[in-house]
Amino acid sequence: MLCSIVMKEHGKNIRLVHNPTAGDDTNGDKDELCQLIENLGHNCTVVAKQHAVKKIDPQTDIIALAGGDGTIRTAVLALLEKKLKFKRPIAILPQGTANNIAISLGIPLDCEKAIGLWNDCKLKKFDVGMILGLADKPLHFIESIGFGVFPLLMEKMDKKSLDEDLSAEEEIKIALQQLRELVQTFPAKTLKIKVGESHLETACILAEVMNIPSMGPRLILSSNADPGDGQFDIIIVTEKQRQELIDYIDGLLNGSNVALKIKPIRASQLTMEWEGKKIHIDDECRSYSGEQIKISLLENLIEIVAGESKL
């Protein structure tokens, strides 16, 4: 008992934000996760996803997010709305399907191992993207924003009825198969992009402004993308590069160690226009009417407890 008390005194005060709908049924419920956190030497208070940053105790050391990429985005956007009034380091307990943000930061998918990172608490600065031109106020993203096949994939996967017993890996495989079909037939559309004094106009099937290396069904579009370096990685897949993307998806489906070899454009701000009718902002798909949008970067806005990235 004395040992437990000593550990608690030197542990951290954790605010656990739990999303019970994330991922599959292998995730622990909020009580199990809270007990695990306390067993590992920390103090834990649990709140629901919608209360992520409401009335945060001043003694809170870490906001722990148990969920997927969508849960992380919800919490970060809530902090932005409150002008970072309750800013604390964020820790991730990956419980989503793809977990792109956690993987990009080297955070283990095993919760106990992820909690183990909190002792040394290696903090990673994390940029946030800002979008002007789509709404009356700025919109924000933490993973990616883009045009082309991905908004269509999101719509089709939302409409697709998946077996609730499927594992995350099985869901990712289904998404990759659906994506491959879309890439084969998606008509190339005109993209206009301006970076600094450079202008580019090209027909493409995909245009993504990446803040992290991967997106969607764990597609690593830019392996060197770093969410804390003050730069976006812009990936454009033209009509002529369609087969390269198909080959990359095939490699993922076959379990091969493959890489997409399309070189990114790097920038901290840019403007874009697209001929198509859909756009996605992180995991949100929305209608688009050809507006010119300006994308810029808010540097080092938040801090996330990170591990050793393997990307």
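User: In which element is the place of N300, and how are such elements assigned?

Analyst: N300 sits in strand β17, which spans residues 293–305; helices (H or I, at least four residues) and strands (E, at least two) are DSSP runs, numbered from the N terminus. This is a predicted model, in which local features need pLDDT of at least 70 and side-chain atom pairs count only at pLDDT 80 or more, while totals for chains, interfaces and linings use all residues. Residues are numbered from 1 along each chain as its sequence is written, and side-chain values use heavy atoms, with hydrogens and water left out.

User: Where does D282 lie, and what is its phi?

Analyst: D282 belongs to the loop between β15 (278–281) and β16 (284–287), and it has a positive phi of about 50° although it is not a glycine. Its relative accessibility is 3%, so D282 counts as buried.

User: How should I read the packing of helices α7 and α8?

Analyst: Two packed helices are described by the angle between their axes and the distance between the axes. Here α7 (residues 168–185) and α8 (residues 242–253) pack at about 160°, their axes being 10 Å apart; axes are lines fitted to C-alpha atoms, for helices over the stretch in contact, and angles run from 0 to 180 degrees between N-to-C directions. The two helices are therefore roughly antiparallel to each other (under 35 degrees is roughly parallel, over 145 roughly antiparallel, 65 to 115 roughly perpendicular and the rest oblique).

User: Which residues make the contact?

Analyst: Among them are L176, L179 and V183 of α7 together with L245, I246 and I249 of α8, contact meaning heavy atoms within 4.5 Å.

User: How many disulfides does a search of the whole structure find?

Analyst: A disulfide is a covalent bond between the sulfur atoms of two cysteines. The search finds zero disulfides, with the criterion being a pair of cysteine sulfur atoms within 2.5 Å. For C34, which is in no disulfide, the nearest cysteine sulfur is that of C44, 3.1 Å away; C34 itself counts as buried, at 13% relative accessibility. The sulfur of C121 is 15 Å from the closest cysteine sulfur, in C44, which is too far for a bond.

Notes. Buried means under 20% relative accessible area, exposed over 50%, partly exposed in between (1.4 Å probe, protein chains only).
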